[in-house]
Amino acid sequence: MDLDVFVTAHRAEWDRLEQLLGRGRKLTGEEADELVALYQRTSTHLSLVQSSAPDPMLTGRLTQLVARARATVTGTRRAGWRDAALFFTVGFPAAVYRSRRWWIPTALLSTALGVLIGWWIATHPEVQGAIAAPEQLKELTKPGGEYETYYSSNPAGSFAAQVWTNNAQAAAMCLVLGVFLGIPVLWILFLNMANLGVGLGLMASAGRLDVFLGLILPHGLLELTAVFVAAGTGLRLGWTVIDPGPRTRRTALAEQGRAALGMAIGLAVVLFVSGLIEGFVTPSGLPTWARITIGVVAEAAFLIYVFVLGRRAARAGELGDVEAADRTATLPTAA
């Protein structure tokens, strides 16, 4: 494409679009129709320039024009309570449901790894000896030891806040670092499962597995599910880098990245609930069966939320992305 000829042929349209955008008064109906038509043509022009004859100055001018025109055509919209309600009843559960083929296998494989590590430690005294001295292991696993007092080591409120912060950071890291082909996500998962496996194995070797499960299950079911969802979403984002499918890699990553950002907000709320359980229920004087029941109910409520509301929203076409009007315009690509 001859860039000089192209500019000469279309400069008048760009100038006219800029003139319409610079009007201080409200446009007439005829001018508004003209602005929309010029916006659409300029979007196509920008796509042609980017794909056939990229010129920094021309691309910059057309990009600015398209952005201004789009803002004028679509208008500005402020987020409100309705948006928050739609996010938590439609967008977030749909995003979690749509990514189920990633986080469910992640959950199953990670849990199996944690159990395997726990079995290995419980059945191999030499491995236990490599973790800590016998006296230290006894202090960890004895009645009233560190494993039991950990959950009541700080006031419930501050402990819940600390747990929520730590877990939210781990989930956010899974979501953000997934773009690096998912490799950091696998490492974060391994560290989490290794920590779980060590506690599982040491308490089992001391004959106190029931106590350990009574402490970990009330909050751990929901907490680990949130981490698995974050990890699965991060792995999906990493795979999008490798295989974006029929879309361009930029478009695919933008879509998955926006969904991951929304997922981070939703999972922060889920982890807040698990943090409350860990801070107030796990160390409470309730019977073990009552504490575990609370954890099972919280986990069941989340799964119902995802597989009922989420499936319904996904079947209705919800992607878990922001609304179409709030997305960057997708420009046509020259053949």
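A: Thr 42 is buried, its relative accessible area being 0%; buried stands for under 20% relative accessible area, exposed for over 50%, and partly exposed for what lies in between, with a 1.4 Å probe and protein chains only. The model is predicted, so local features need pLDDT of at least 70 and side-chain atom pairs count only at pLDDT 80 or more, whereas totals for chains, interfaces and linings use all residues. Residues are numbered from 1 along each chain as its sequence is written, and side-chain values use heavy atoms, with hydrogens and water left out.

Thr 42 belongs to helix H2 (residues 29-52); helices (H or I, at least four residues) and strands (E, at least two) are DSSP runs numbered from the N terminus. With neighbours within four places in sequence set aside, its contacts are Trp 14, Leu 17, Leu 62, Leu 65 and Val 66, a contact being heavy atoms within 4.5 Å.

Ala 69 is located in helix H3 (residues 56-74) and, at a relative accessible area of 0%, is buried. Between Ala 69 and Leu 21 there are 48 residues in sequence, but 6.8 Å from C-alpha to C-alpha in space.

The chain as a whole has 13 helices and zero strands. Of its 335 residues, 37% count as buried. Among contacts with a separation of 6 or more, 76% come from residues 24 or more positions apart.

Elsewhere, helix H10 (residues 183-205) holds both Trp 187 and Phe 190, three residues apart, about one turn of the helix. The structure has eight aromatic pairs. In the pair of Trp 187 and Phe 190, the ring centres are 5.8 Å apart and the planes stand at 25 degrees, so the pair is stacked. Rings of Phe, Tyr and Trp (its six-membered ring) pair if their centres lie within 6.5 Å; planes under 30 degrees apart count as stacked, over 60 as edge-to-face and the rest as tilted. In contrast to the buried Thr 42, Trp 187 is exposed at 53% relative accessible area, and Phe 190 is partly exposed at 36%. Ring pairs also join Phe 87, Phe 88, Phe 92, Phe 302 and Tyr 305 into a cluster.

Leu 181 lies in the loop between helix H9 (156-177) and H10. Leu 181 is not a glycine, yet has a positive phi of about 60 degrees; with a relative accessible area of 46%, Leu 181 is partly exposed.
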